[in-house]
Amino acid sequence: QDVGLIFLSQIATSVFVKATAVGSSYPDALATVLVACAGATAGTGALVWLVGKLKLSGYVQLLPLPVVGGYLGYIGYFC
């Protein structure tokens, strides 16, 4: 559950920095960050739904164990 927060915080930070760099006001930059986070969340939800609808979850077993281990290690280190 905390993994998504890593990516959302990176999205929020980069969008806010870029929005303020081009001269957006604080409320406009905040609104842009909220829209970007909502879009990322909706996109992720749509992809998860599509994977379930097409019954593609069985292909997760094809991922090599070092890839899964590296991903879990990344999550453990940064969360």
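1. A search of the whole structure, which is a predicted model, turns up 1 aromatic pair. The rings of F16 and Y26 have centres 5.9 Å apart and planes at 75°, so they meet edge-to-face. (Rings of Phe, Tyr and Trp, the last by its six-membered ring, pair if their centres lie within 6.5 Å; planes under 30 degrees apart are stacked, over 60 edge-to-face, and the rest tilted.)

2. Because F16 lies in helix α1 (residues 3-21) and Y26 in helix α2, the pair ties together parts that are 10 residues apart in sequence. (Helices are DSSP runs of H or I with at least four residues, strands are runs of E with at least two, and both are numbered from the N terminus.)

3. F16 is partly exposed at 29% relative accessibility, while Y26 is exposed at 55%. (Buried means under 20% relative accessible area, exposed over 50%, and partly exposed in between, with a 1.4 Å probe and protein chains only.)

4. (The expected span is 1.5 Å times one less than the number of residues.) The buried residues of α2 are A29, V33 and C37.

5. Do have a look at K55, in the loop between α2 (26-53) and α3 (65-78). K55 has a positive phi of about 55° although it is not a glycine, and it is exposed, with a relative accessible area of 70%.

6. On conventions, residues are numbered from 1 along each chain as its sequence is written, and side-chain values use heavy atoms, leaving out hydrogens and water. In this predicted model, local features need pLDDT of at least 70 and side-chain atom pairs count only at pLDDT 80 or more, whereas totals for chains, interfaces and linings use all residues.
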